[in-house]
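Have a look at the sequence and the 3D view, then read on.

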Amino acid sequence: MQYTRNMVTGASTAELTVILVDARNGVVEQTRRHAAIAALLRVPHVVLAVNKMDLVGYGRAEFERIVADFTARTAELGLPEVTAIPVSALVGDNVVEPSAHMDWYDGPALLEFLENVPVAADATDAPARFPVQYVIRHGDVRHYAGQLVSGSLRIGDRVTVHPSGATSTIAAIDVLGAAAEAARAPQSIGVRLSDQRDVSRGDMITAGPQGPVLTQNVTAAVCHLADRPLRVGDRVLLKHAARTVKAIVRDLGGAAELTVNDLGRITLRSAEPLPLDAYAVSRRTGAFILIDPADGATLTAGMVELG
C-alpha cells in the first residue's frame, strides 16, 4: 500500500514517469497498474524501460514483443505516446551511452532522453488560481497569503473570490517581503485587495475569464490508498487546495466498495461549494484527497472530472 501511495503522490506532480519491465517476465500485473496510475494522473511523458536485456541475449524480438504487449494492454488508458528503451542496468547498455550489443536500436539512451524531454507549458500560462492559506490583519487592513499555484496576478487585475463570488481588484502584491507589481506561479505571495471583502482561509482568489466551476457535486477518478474500504454513504473530509469540507460518498461507479490500491470513479456531495478545475486542465486545483474524519488518515486521492 505504501508503494502505491508514494507513486500516486509523486506522479501527481511529475512531468515524466519511467515504467520498468524485466525483459525475462515481460508485462505483468504491476506493470499494468503503474501504467494505469500514470494515465489516471495524466503524467505527460512515459518511458517504458525494458531492463535486463543481457539476460535475453539482447534480442530485438523479445524487446518488440514486450513493447507490443504493453501497447495492446494499455491502449484504452489514454496514455500519451510511450517511448520504449531497451536497457541493461547491470552493464550500462543504453543507460548513459548507446549499447554496442543492441545496434538494431537507433533511439536515445535513457539518460539522453531524460535530459532532452520537453516539459509542459509554464504554469504561468494557466488561469490565475490563488488559494488563501493565511489572513494577516494589520488594523483594518487585510493581507491574504499563500502560493499562487497557477497563472499570474498583477496590481489592478480584476479578481473573484470563491466561493462567495465577491469581486475586487488587486491593490498590492508582496513577494518575499518586498512590494511587487506582479507575481507568477509558483511564487508564495501576499495580496491586498482594494475593497474590504470577507475572505477566509481556504477561499480561492481567481482572475481571468476562465473561472473554476463552483459546485457541491464532485465526480472524479480516484485511487484508494487506505486499508479501510471506501463505501457508498461514507462520510469523509474532502481537502481541496487550502480548503477542507465535509462530504458524503454518493456513488462508486457501480462498485460495492473500493479497497486498497483500487482505481475507480466516484461521486461525492460536499457540504459547501468548491471552486474546481478539471484535473486535465490543472493538476493543482483539479486534485483532492479524502480524509477519515475519525483519525485524520488519508483515504483516497481524487482527480476531478468536469463536463
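On one side of helix α3, Ala61 and Ala72 are exposed, where exposed means over 50% relative accessible area, buried means under 20%, and partly exposed is in between (1.4 Å probe, protein chains only). Before going on, a word on the source: this is a predicted model, in which local features need pLDDT of at least 70 and side-chain atom pairs count only at pLDDT 80 or more, while totals for chains, interfaces and linings use all residues. Residues are numbered from 1 along each chain as its sequence is written, and side-chain values use heavy atoms, with hydrogens and water left out.

Back to the helix. The names used here come from DSSP runs, numbered from the N terminus: helices are H or I with at least four residues, strands are E with at least two. Which residues of α3 are buried? They are Phe63, Ile66 and Phe70. These three sit on the same side of α3 because they cover an arc of only 65° around the axis, the arc being that of the directions from the helix axis to the C-beta atoms. Here's the general idea: an α-helix has 3.6 residues a turn, so residues three or four places apart point the same way.

What do the buried residues of α3 pack against? Their partners are β1, α2, β2 and β3. As for its length, α3 has 14 residues and reaches 20 Å from its first C-alpha to its last, close to the 20 Å expected at 1.5 Å a residue; the expected span is 1.5 Å times one less than the number of residues.

Now for the core. A nonpolar core is a set of buried Ala, Val, Leu, Ile, Met, Phe, Trp, Tyr and Cys residues joined through side-chain atoms within 4.5 Å. The largest one has 36 residues, and Leu48, Val50, Met53, Phe70, Leu79 and Ile85 touch the most other members. Among the elements that each supply at least two residues of this core are β1 (16-22), β2 (45-51), α3 (60-73) and β14 (213-224). Helix α2 gives the most, with five residues. In soluble globular proteins, nonpolar side chains tend to be buried together.

Contact means heavy atoms within 4.5 Å. Rings of Phe, Tyr and Trp (its six-membered ring) pair if their centres lie within 6.5 Å; planes under 30 degrees apart count as stacked, over 60 as edge-to-face and the rest as tilted. A search of the whole structure finds one aromatic pair. Phe63 and Trp104 form this tilted pair, 5.6 Å centre to centre and with 40° between the planes. Phe63 is in helix α3 and Trp104 in the loop between β3 and α4, 41 residues apart, which makes the pair a link between distant parts of the chain. Phe63 counts as buried because its relative accessibility is 8%.

Thr74 lies in the loop between α3 and β3. Is Thr74 buried or exposed? Thr74 is buried, because its relative accessible area is 8%. Not counting residues up to four places away in sequence, Thr74 touches Ala35 and Leu79. The C-alpha atoms of Thr74 and Ala39 are separated by 9.1 Å, although these residues are 35 apart along the chain.

Finally, some backbone angles. Most residues other than glycine have a negative phi, and most peptide bonds are trans. Here are some exceptions to look up:

| Where | Feature | Angle |
|---|---|---|
| His162 to Pro163 | cis peptide bond | omega near 15° |
| Ala185 to Pro186 | cis peptide bond | omega about 5° |
| Lys52 | positive phi | near 65° |
| Ala241 | positive phi | about 55° |

Pro163 is in the loop between β8 (158-162) and β9 (167-175), and Pro186 is in the loop between β11 (182-184) and β12 (188-193). You'll find Lys52 in the loop between β2 and α3, and Ala241 in the loop between β16 and β17 (243-251). Lys52 counts as partly exposed because its relative accessibility is 30%. Ala241 counts as partly exposed too, at 29% relative accessibility.
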